[in-house]
Every structure is written in structure tokens, then in C-alpha cells.
Protein chains: 2
Amino acid sequence: MSRALNFNAGPASLPFAALARARDELIDFDGSGMSVMEHSHRGKVYEKVHHEATALVAELLELPKDYDVLFVQGGASMAFAQIPMNFLEAGKTADYIVTGAWGEKAVSEARAMSKAANGGEVHMAASTQQDKTYVRVPRQDELSLTPGAAYVHCTSNETIHGVEYALGPSTPFPKVQAPLICDMSSDILGRRVDMTQFDVVYGGAQKNIGPSGVTIVIAKKSMLDRGRKDLPAIFQYRTHAENKSLYNTPPTFGIYLVRNTLAWLKSEGGVAAIEARNVKKAAALYDTIDGSGGFYRCPVDKACRSIMNVVWRLPTPELEEAFVKEAEAQQMIGLKGHRSVGGIRASIYNAVEPAWVDALAAFMKDFAKRRG
Amino acid sequence: MSRALNFNAGPASLPFAALARARDELIDFDGSGMSVMEHSHRGKVYEKVHHEATALVAELLELPKDYDVLFVQGGASMAFAQIPMNFLEAGKTADYIVTGAWGEKAVSEARAMSKAANGGEVHMAASTQQDKTYVRVPRQDELSLTPGAAYVHCTSNETIHGVEYALGPSTPFPKVQAPLICDMSSDILGRRVDMTQFDVVYGGAQKNIGPSGVTIVIAKKSMLDRGRKDLPAIFQYRTHAENKSLYNTPPTFGIYLVRNTLAWLKSEGGVAAIEARNVKKAAALYDTIDGSGGFYRCPVDKACRSIMNVVWRLPTPELEEAFVKEAEAQQMIGLKGHRSVGGIRASIYNAVEPAWVDALAAFMKDFAKRRG
């Protein structure tokens, strides 16, 4: 088998080791004569996997003990509604900082949820939308924050627009008074981030964590305690914390694959090691873009360029189409930009191998030489 | 490998052919150089699988064209809240028929949801609870139905109590005027049922359909049209119908396994063939219970005995414990009754092989002879 060079935005490439392990034990897990997905979620065999996955998240992110790690369902798309359902009580305001399409969606769903379920107000605390697109995060002085807000919501990395908060040790998230909630779907575990800046972090698994169908929620216990209590049990994040994500049947095989993926990440040296690799991968592409004499053009401000989703344009849509087609012929998959923005996008999550990125950079140079 | 005799209640046994197929193509799906779970949900490779799974549900259940088949997330537990969120508008009443623990939970979540989101009233139209347990479904004359109800909700098979509506060709569900909504998690596709009796049917996949993490919703298009429109898009079943279950990233690998499971079911002759097999499996156990001279005792009324979850008691809790332990030593897994009711339970879904049931019946006879 020749493995594809997979630049999909999500579902995305998974570590080969995690997949091979799944294949090897698919029909007989741990000598039990059953697949892990045939085990009861209340049985010891599965529970061990479940708790190992939870513990790996906490360990790899260096979470303090006052944080809970939950595995739930529905993706970030469900969290867009479930976060305000839990935390935006009547009489309060939630501040949303919008830096791309996913932030827009979070606002829209929060507004609908809040109206439907007697919640509070949704306030756009900042939007960097300009000329129908997004190329940067807001400056601190652009934030219009509400005193006493229920929470501030942000998106650390906008997958479609390739706009990312720096969030390095010297560039923490802007100080806010209210609890800070972050959709970290597409960059969690891809770089070192001080998680204690955030009160709730959530994300779909299908970028750096595992397959689609698993949603991660990381939350301060004190925040979960504050959540609305008059909701159905299934919608209260508290319920899932109290039951260690076993309130109802979890997506067991998905969580098993999360376990495999995170065990691989740990074996590779953890988040610090993968960050170094990811930074190099991103630099290889941005350097190629910036060194192309204008043939390739990344619209994103240099300080806000994503190390997970690198987006760029070619001089014409026809050239972009030819680029994607030629790349595919070389087994480079998933390079077409999101249909809402066009252009090219290379998603280079943790499991995307440096050699694939080098091959892509080489192809870019060759294509520019031939067609530039 | 010696395959376990898996009587788990869910997650449960899956067809070996479905698992072996998943193993064989896990790291390289269809020659693509990628796992199916690494493919984009917007790509042709995955979409083919997705639509095949949807079409197999419709074909196997003989659904008319005015029904939609959706794959969503959250399990039946989320549907307990999402159904009233969508269909119980203010000023209306929903009637619930309760025949076991899952029906109780559906009522409780519906009440909370309706209060939190300005919905209507929840009315217990019938409950067959007696002496803290359930042994039957209600007679038609026991139903206290509300004229003009938003819907009537029922549970076709109660997994914990082993109580099932007959629903054969000569025993349709009692006639109700309002739209009929049914939690069919644990018996869907296990026997022939005229689906046109129901306006909405839902269930977690982890019994007869596939692995946990996939939820199926089958609904009349006209019913979906009537659903509340002021909800977040993610919570409106309409959204998922309009987008063919691709509104947001679906649990792609789970749906792939549903495809494998249903392809196996079709190859075995479909629902009619599997029903004949299931009826024989259930009879083997009930006959052993009834022929044990009182050593084994099934508390459920004969007309309401589940063909999916066979529950029974032994004379003492000590004997029940010994029974489970000895069975496990013979690789018979999952026979302990639900912690809320005790006793023994054998879940004998579609993928449970007749030979396993025969082995269990033989063991029961031997155990009774030795310990009776």
C-alpha cells in the first residue's frame, strides 16, 4: 500500500501507528474474543481504555486537577448551542470574539439557543471580518467586552480562514475578566498552550485527537458547577463530569481511537515535540508561499497565520484548479480550499508527516516554475 | 481466536463479517491509501458509504418514499430531550406510554426540556409499573390519551425489563390519533414491523445497527416539516434531513460500520429471515425457563416477552451470581441483569449466533440439574 499524502481539513489524517493498532486488535481486543466495540461501556475492559484516553488528555495538556476532561457527542457544532444552553443564564450577556466562519456559526447558534431557552444576550465583542473575509485576530483595544459577562467566547484557530491566535508563552490570550470559553477544535494538542487561561475548551476530535464522532470538553470544575441545572440531564455538562463521560453509552470505538492517537502523541514526545515539528511544517509552506515572488499569496496577517491550516491563493481560479488536480495525481489529497472561500488549503495537523509537507513544498515550487 | 459468546445489552455483538471487513480495509479503504475515517465527509469516497448506509436502512425496513432516514449523534438519551424540543410546542400536550426504565427516562427528560425551552405539557398516558417493576405493556383501554396531542411516545422494547410490544402483522400498535413516536433502539431491524404506523422512530445504533456513537432517526417528511423552527440549526431534525445527515461532520467510521452491518443483514436474507432466526433463539431460552420446573422464572407476561432481551430470575441472588460466574468461565459474556433490577439477562440481538443461544440453553439445563 502506498499511503496518501492527506491534507484533509477534518476528518483528517490519523497516525499510522494508531490505525495499525486498531486493525491488529479489531476483531479480538486484548484476548477477549470480542472487538473493543462489542464490549459493554460498563465493563472493565472498555473502562480501562476510556479512563486511559481521559488521563492522556489531562497529561498531554498538563491540566491542573481542578479541570475535568469529558468525551461527549455532537461535535463543535453541537457545543455552539450547548455552551450557551449551559452557561448563558437570563439577565446575563455572553461576549463573542469572531475571527472566522466558525465563530460566526457559534454566534448564530448561541442567539437561537438563548431565545429558545430563556437565556441571556449574545454580544459581538469583536469581529475582524473585512471585505467578506478574515485575515487576523483583533487587537486588545478592539474588544468591546461587557462588564460582568457570563463568558467570553473565542475560536483559537479558524480552520477555513487559516487565522490563529498566537497563544505562545509570550502571547497569551488577551486578559478578560469573565470566564473564557474557547473552541479549540483544530489546534488543540498541536502546540503548547497554557490551558489555565481558559474556563472551558471544546472541540471535535477529527483533527488532532481522533476520528469524528467524539467531542472533547475540558472545563474547570467550578465552571461546570455554575451551569444551568434546569436542563435535561443529557445537556448538562455537569452530568457527564459526574459520570466520567459514562452517563449514557459513549462512542466507545471512537474513544478507543482517541486513546491510540494520544498514546502515539505521547510516544513521539508529547505536545512540545509535536509543536516543534508543526512549526517547521508550517514554515516550509509559508516560506514557499512568501518566496514565490507573488505567484502564491497568503492573505492572512503574518502574526495570525495558522500552523494547522495554511491557506493561499494562486493568480487565477483556473490555476488553482490545475494545482489541485496535479497535486491529486501525485496522491496529495484535500488541498482544495473550503467552498465558501476558494483557493488552496493544506491542513497539516499532528499526524501529517513532515515528508508529506516537504513533498508539497517541492511540488509548489515546481508548479510555480512551470506555470508562473 | 476463540470468539466470545457475547450476550451484552449494548454495545453488543456485531456480525463477524462486518468486523472482518472493517479490519481488512482499516488502513487502506478502497485502494485510496487512507482509512475510511481519514476521508473527508464531503468527499466522494465517504459519501458513497454514507448514502449506501442510508439506503440500506430504507430498503431493509421497506420505508415508503415519504420517510427520511437520518444519522445523528447523542444516542437515544439525547433524543429523549431532542424529540420534545422539536415536536412539543407550547400549548400542546405530549402523551407518554411508559413500559420500563427507558420510557421513564424519556418522560423525565421531556419534562425538563419542555420547561427549559417553553414547550408544552408532558402527560403520562399510561404506565404499567407495578411493585416497582414492569412486566407488560398496557391494554388499549388503559391508555389515557389527550385529544389533539402533539404526539404519543412509546418504547417498543424495554431492554432492562425485557418487555416488548408484539407489533406483529396481527398485533399493530394501538390506534392513536396523534403522531406516533417510538424509541426502537433495541429491536429495530430485529423483526418485521410496519413502519408506517409511526411518524418518528429513533434509536441508538449499538444493538442491531452498528457500534455506539451513531443514532438513527426515521421520520415522515411531513412530521419534520412541522418541527419547531426557532431552535439552533443543529437541534432541528429538519436540518439533518435537508443536508442528508451531512450538515456537520458525522461519525463517519461508525456509519461505515453501520453499512457493513446492514450489508451483512441483507446478505442473510433481510429482516424476515433474521426475525425467524430471532424468534427461534428467544424460544430456546423461554422454553428452557418455562420447562425448568420453577428453577428459572421469567417475570414478564407471556404476550409481552421480548425476543431481544430475555430476562429471568433464579431462586436466590447467590445462585444468580454463581450462574453468571460459571457462564463467564465458559466464555458466555454479559448475562448479569441490569444493576437496577438484578437477575439474569441475555441480549440476543441479530448478531448473536443461534449456536451461542443453544450453548446457553444447554448450560442453563445443566446448571439447573446441578443446583436446582
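Modeller: Strands (E, at least two residues) and helices (H or I, at least four) are DSSP runs, numbered from the N terminus. Also, this is a predicted model, where local features need pLDDT of at least 70, side-chain atom pairs count only at pLDDT 80 or more, and totals for chains, interfaces and linings use all residues. Residues are numbered from 1 along each chain as its sequence is written, chains are lettered from A and ligands numbered from 1 in the order in which they are written, and side-chain values use heavy atoms, leaving out hydrogens and water.

Colleague: OK, in what sense do E5 and E8 of chain B pair?

Modeller: Parallel: E5 (residues 151–155) and E8 (residues 180–183) of chain B are joined over four bridges. B:His153 stands opposite B:Ile181 in E8(B).

Colleague: And which strands make up the sheet in chain B?

Modeller: The order is E2-E10-E9-E8-E5-E3-E4, seven strands in an open sheet with mixed pairing. At the edges, E2 (67–72) and E4 (121–127) of chain B each pair on one side only.

Colleague: Switching topic. How many disulfides are there over all chains?

Modeller: Zero, from a search of the whole structure. The cut-off for a disulfide is a pair of cysteine sulfur atoms within 2.5 Å. For A:Cys182, the nearest cysteine sulfur is that of A:Cys154, 3.7 Å away. In chain B, B:Cys154 is in no disulfide either, and its nearest cysteine sulfur, that of B:Cys182, is 3.7 Å away.

Colleague: Is A:Cys182 buried or exposed?

Modeller: A:Cys182 counts as buried because its relative accessibility is 0%. Buried means under 20% relative accessible area, exposed over 50%, and partly exposed in between, with a 1.4 Å probe and protein chains only. B:Cys154 is buried too, at 1%.

Colleague: What about B:Trp264, where is that?

Modeller: B:Trp264 sits in helix H7 (residues 252–267) of chain B. With 14% relative accessibility, B:Trp264 counts as buried.

Colleague: Which residues does B:Trp264 touch?

Modeller: Leaving out residues up to four places away in sequence, B:Trp264 touches B:Pro15, B:Ala17, B:Ile274, B:Arg277, B:Asn350 and B:Ala351. Contact here means heavy atoms within 4.5 Å.

Colleague: And how far is B:Gly148 from B:Trp264?

Modeller: The two are 116 residues apart in sequence and 42 Å apart in space, C-alpha to C-alpha.

Terms used
Two strands pair if DSSP finds at least two bridges between them.
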